[in-house]
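Please examine the structure shown below together with its sequence. The explanation that follows moves through the ligand sites and then turns to a helix.

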Amino acid sequence: MQQDNHQIPRNLLITGGAGFIGSNFVYHWSKSYPKDRLVVLDALTYAGNRNTLVNLENNPQFKFVQGDICDRTLIDNLLESDNIDTVAHFAAESHVDRSILGPGAFVQTNVVGTFTLLEAFRQRWNQREQPQSHRFLHVSTDEVYGSLQADDPAFTETTPYTPNSPYSASKAGSDHLARAYFHTYGMPTIITNCSNNYGPFHFPEKLIPLTCINILLGKPLPVYGDGQNIRDWLYVEDHCRALDVVINRGTPGETYNVGGNNEVKNLDLVQQLCELMDELAPNLPVRPSKELITFVKDRAGHDRRYAIDASKIKRELGWSPQETVEGGLRRTVEWYLANQDWWQPLLSDEYKNYYDQVYA
Ligand code: NAD
Ligand code: DAU
């Protein structure tokens with residue numbers, strides 16, 4: 001197994017740190033390595049939320065900068081002023097349904113933004129004579145591998161890329177750039193391709209938070225197509241632990257698949273959430289909440305099944321998921337019940353407009 005390369009202190013630039021996984025990662029890192037300096041760069045798009053990071057506002061090791069990863073001057077300045085040695089790159093347009101409605105923003109942020117970060121980091125890394133300890137972690141998705149049939153083996157790191165949505169195609173483009181910067185320039189990039197995450201601070205548009213929130217509001221629970229599509233669910237804390245070992249012990253130039261080994265059909269997942277809500281929520285507008293399940297028009301180009309083979313990261317870096325899907329879903333439902341103040345304000349006019357376009 002690889003040795004731990006954690007340098008104390010690291011100076012991290014965390015892009016997209018006000019989003020779902022980025023914010024969970026910021027909390028994970030700040031707790032695990034309190035001496036490290038954390039600079040969060042986030043454009044605060046509809047998906048970014050400053051309130052999510054409120055518990056770090058008074059931490060002297062934490063700094064928040066609102067800005068765009070496509071802004072090269074800003075990135076150059078941050079890399080220098082904060083002496084950044086490690087980039088954890090989460091910032092992205094992340095929702096498949098939005099990429100179908102408007103792919104342009106996905107190409108801009110996911111491809112051009114990643115390119116801008118890579119170029120800025122390359123310049124700084126060269127100026128500092130290419131230190132061995134520097135890392136550029138590019139956080140990506142299993143969706144770049146395309147869709148599996150029911151009995152296909154799970155995605156490995158050598159599965160050919162066949163992205164099917166504008167979202168996954170733009171992520172694939174950014175993965176290729178990150179990979180090329182290692183092969184061409186020797187820059188210490190590492191790529192992770194992870195399966196579906198869930199847990200606290202997940203924006204309401206995604207299946208699990210959408211289902212929890214709609215149950216609480218007594219609204220229909222939209223299930224695309226026949227509800228038999230399969231996703232491989234990973235509790236977000238487990239993902240953060242995986243990214244931690246990849247930064248500290250991963251080999252530059254490598255790709256690591258990260259997955260929960262929890263394949264669940266969408267309809268089964270929604271039914272489990274209904275049962276948990278029926279058990280845990282005191283006053284539901286509709287009970288049993290399964291009555292709210294509504295089959296709706298399928299997503300265009302909807303991938304049938306994702307499954308990750310995470311044996312490489314287990315074998316080489318000693319990571320495996322700790323949370324079960326039953327335990328993780330219970331924790332998630334409890335979190336959405338206890339944190340209505342976090343999600344209520346996100347049901348904005350922008351969100352309602354988006355919702356009407358997708359579900360009308
Ligand atoms: P998210 O949509 O919740 O958060 C994205 C964050 O990036 C937001 O805070 C947003 O404001 C910020 N952002 C968007 N455009 C920006 C720009 N141009 N400049 C600066 N900041 C910008 O996304 P997430 O679910 O937390 O995903 C984070 C990363 O992990 C993404 O790269 C995504 O592709 C990848 N990923 C997500 C999952 C998942 O299940 N959610 C699984 C695997 C990989
Ligand atoms: O696999 C990793 C990916 O997981 C990440 O790269 C993406 O950023 C993330 O958004 C997620 O993509 P999905 O499209 O799989 O997640 P979503 O929550 O949107 O949908 C999960 C499944 O549920 C998918 O098969 C579509 C279906 N679905 C989704 C919504 C929003 C429904 O049936 N109804 C819905 O209303």
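In this predicted model, ligand 2 is surrounded by 24 residues, and the closest are Thr 141, Asp 142, Tyr 167, Arg 299 and Tyr 359. A polar atom in the side chain of Arg 299 lies 2.6 Å from an oxygen atom of ligand 2, and a side-chain N or O atom of His 302 is 2.7 Å from an oxygen atom of ligand 2. By class, the shell around ligand 2 divides into 9 nonpolar, 8 polar and 7 charged residues.

Ligand 1 has a shell of 28 residues, with Ile 21, Asp 42, Ser 94, Tyr 167 and Lys 171 as the closest. A backbone N or O atom of Phe 90 lies 3.0 Å from an oxygen atom of ligand 1, while for Leu 44 a backbone N or O atom lies 3.5 Å from an oxygen atom of the ligand. Thr 109 contributes a polar side-chain atom 3.0 Å from a nitrogen atom of ligand 1. On its own, ligand 1 has 840 Å² of accessible area, and the protein covers 96% of that area. Helix H1 (20-32), strand S5, helix H5 and strand S7 (196-198) each supply at least two residues of the shell; the largest share, 3 residues, comes from S5. The shell around ligand 1 comprises 13 nonpolar, 12 polar and 3 charged residues.

Helix H5 deserves a separate look. At 1.5 Å a residue, its 20 residues (166-185) should span 28 Å, and the end C-alpha atoms are 28 Å apart, so the expectation and the model agree. The buried residues of H5 are Tyr 167, Ser 168, Ser 170, Lys 171, Ala 172, Ser 174, Asp 175, Ala 178 and Tyr 181. An α-helix has 3.6 residues a turn, so residues three or four places apart point the same way. The cover over the buried residues of H5 includes helices H3 (96-101) and H4 (104-127) and strands S5 (135-141) and S6 (189-194). After H5 comes Gly 186, with a positive phi near 75 degrees.

How values were computed: Residues numbered from 1 in each chain as written. Chains lettered and ligands numbered in written order. Predicted model: local features only at pLDDT ≥ 70, side-chain atom pairs only at ≥ 80, totals over all residues. Heavy atoms only, no water. Helix = DSSP H or I, 4+ residues; strand = E, 2+ residues; numbered from the N terminus. Expected span 1.5 Å × (residues − 1). Buried < 20%, exposed > 50% of the residue type's maximum accessible area, 1.4 Å probe, protein only. Contact = heavy atoms within 4.5 Å. Near = heavy atom within 4 Å. Polar contact = N/O pair within 3.5 Å; in protein donor to acceptor, adjacent residues only side chain to side chain. Areas by Shrake-Rupley, 256 points an atom, 1.4 Å probe, with all protein chains shown as cover. Nonpolar A, V, L, I, M, F, W, Y, C, P; charged D, E, K, R; others polar.
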